[in-house]
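Reader: I am new to this kind of model. Could you walk me through a few of its features, one at a time?
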Amino acid sequence: MHLVHGQLPPVHTPNVFSGPYLDRVAHLRKDAEFIAGALSDPESALVPLWKSRNLVNRHSSGLSAVTLSITHELRRDTDDTELVFLGQFRGRACFAINVSSPAPPDLEPGSTFEDLRLCAGLLSSEEAGLLAYARAMISWRGRHRFCGRCGHAALAAEGGHVVRCSSEACGAQHFPRLDPAVIVLVTDGSRALLGRQAAWPAGRYSTIAGFVEPGESLEDAVVREVLEETGVRVTRANYHSSQPWPFPSSLMIGYTALADPGAVAAADDELEDVRWFTRQDIASGFPGLPPPQSVSYRLIEHWYDSGADRPLRDTPGVTLWKPPSQ
């Protein structure tokens with residue numbers, strides 16, 4: 001398989017959780033004096049998480065991220081080494097903080113801890129990115145309390161972006177890692193190939209996805225995952241865009257792929273069903289599509305809009321997945 005330039009227009013708008021939403025100032029993470037100064041600056045902010053949920057405030061126009069002053073009493077129960085320096089957001093130094101209480105604390109009037117997967121689309125792009133970044137870093141820190149080489153306690157350094165083994169005999173350093181996954185919209189030009197898992201509510205379908213394996217390129221993973229899950233061979237693929245997906249630590253790498261002529265789809269044991277859908281099928285309300293904040297939706301949208309009279313987002317009959325609470 002080789003990469004070629006297809007007929008679809010290029011992608012310019014960043015996906016949700018992507019884009020220049022803050023200045024990471026990564027060169028300052030090693031500056032202990034700077035970190036100490038930011039921790040003592042009353043203008044600095046805390047970005048709290050509780051049980052992997054982010055703190056938001058609901059209002060008539062949607063949601064907004066809630067940050068707390070660095071002097072908030074919440075910090076009294078947390079050692080400074082547990083804070084993760086995120087960077088400068090809207091001119092303020094920001095630190096992610098994990099709230100370990102059994103019940104969610106009442107921190108700000110009208111605020112609640114919410115699942116970012118369900119509410120990201122109601123946040124501004126900058127705030128969605130900030131909360132996703134905080135979630136990813138707190139999740140990584142929680143899974144790296146001990147050295148993966150020798151088992152001794154791991155100590156945070158460089159603003160929380162490195163953990164070092166406490167054993168002098170070992171001295172291993174561990175850095176945040178991502179799990180790359182390809183997510184692919186397969187088409188034959190006029191139809192899109194979508195699949196569904198048995199655990200999903202009836203009518204939900206999505207693009208084909210899977211993790212990249214060791215010793216495998218992204219292009220190889222596209223070919224393998226599509227073939228394994230659908231029985232369809234693809235002859236060429238185009239990179240579309242990528243999306244940080246901190247649930248808990250994935251990077252979704254989006255592709256569109258062209259199927260062999262006459263390809264017949266057949267689900268494997270990971271999927272309950274795979275089938276081809278036309279633009280007319282989607283416009284009529286079946287299948288239910290992933291939410292617009294996902295790269296999966298954007299892959300479908302990119303293909304759909306290239307051959308439809310009306311953009312997908314403006315088509316009234318389209319059905320989208322609904323959060324469990326709706």
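Reader: How many residues line the largest pocket, and which lie nearest its centre?
Author: A pocket is an open set of points on a 1 Å grid over the protein atoms alone, where a 1.4 Å probe fits and protein lies on both sides within 12 Å along at least five of seven lines; lining residues have an atom within 4 Å of a point. Here 43 residues line the largest pocket, and Arg117, Trp245, Pro291, Ser294 and Trp321 lie nearest its centre. Elements giving two or more residues to this lining include β15 (234-245), β16 (250-259) and α6 (295-305). By kind, the lining has 21 nonpolar, 13 polar and 9 charged residues.

Author: A word on the source: this is a predicted model, where local features need pLDDT of at least 70 and side-chain atom pairs count only at pLDDT 80 or more, while totals for chains, interfaces and linings use all residues. Residues are numbered from 1 along each chain as its sequence is written, and side-chain values use heavy atoms, with hydrogens and water left out.

Reader: Is α6 mostly covered or mostly open?
Author: Buried means under 20% relative accessible area, exposed over 50%, and partly exposed in between (1.4 Å probe, protein chains only). α6 is mostly covered, with 10 of its 11 residues buried; among them are Arg298, Glu301 and Trp303.

Reader: Which residues touch the most other members of the largest nonpolar core?
Author: In soluble globular proteins, nonpolar side chains tend to be buried together. A nonpolar core is a set of buried Ala, Val, Leu, Ile, Met, Phe, Trp, Tyr and Cys residues joined through side-chain atoms within 4.5 Å. This core has 30 residues, and Phe17, Leu22, Val47, Leu86, Leu116, Leu123 and Leu131 touch the most other members. Helix α3 gives the most to this core, with 9 residues. Leaving out residues up to four places away in sequence, Leu116 touches Phe17, Asn54, Leu123, Ala128, Leu131, Ala132 and Phe247 (contact means heavy atoms within 4.5 Å).

Reader: What should I look for in the backbone?
Author: Most residues other than glycine have a negative phi, and most peptide bonds are trans. Phe247 and Pro248 are joined by a cis peptide bond, with omega about 5°, and Pro248 sits in the loop between β15 and β16. Another cis peptide bond joins Phe286 and Pro287, with omega about 10°.

Reader: Where is Arg90, and is it buried or exposed?
Author: Arg90 is in the loop between β6 and β7. Its phi is near 50°, a positive value in a residue other than glycine, and Arg90 is exposed, with a relative accessible area of 54%.

Notes:
Helices (H or I, at least four residues) and strands (E, at least two) are DSSP runs, numbered from the N terminus. Ala, Val, Leu, Ile, Met, Phe, Trp, Tyr, Cys and Pro count as nonpolar, Asp, Glu, Lys and Arg as charged, and the others, Gly among them, as polar.
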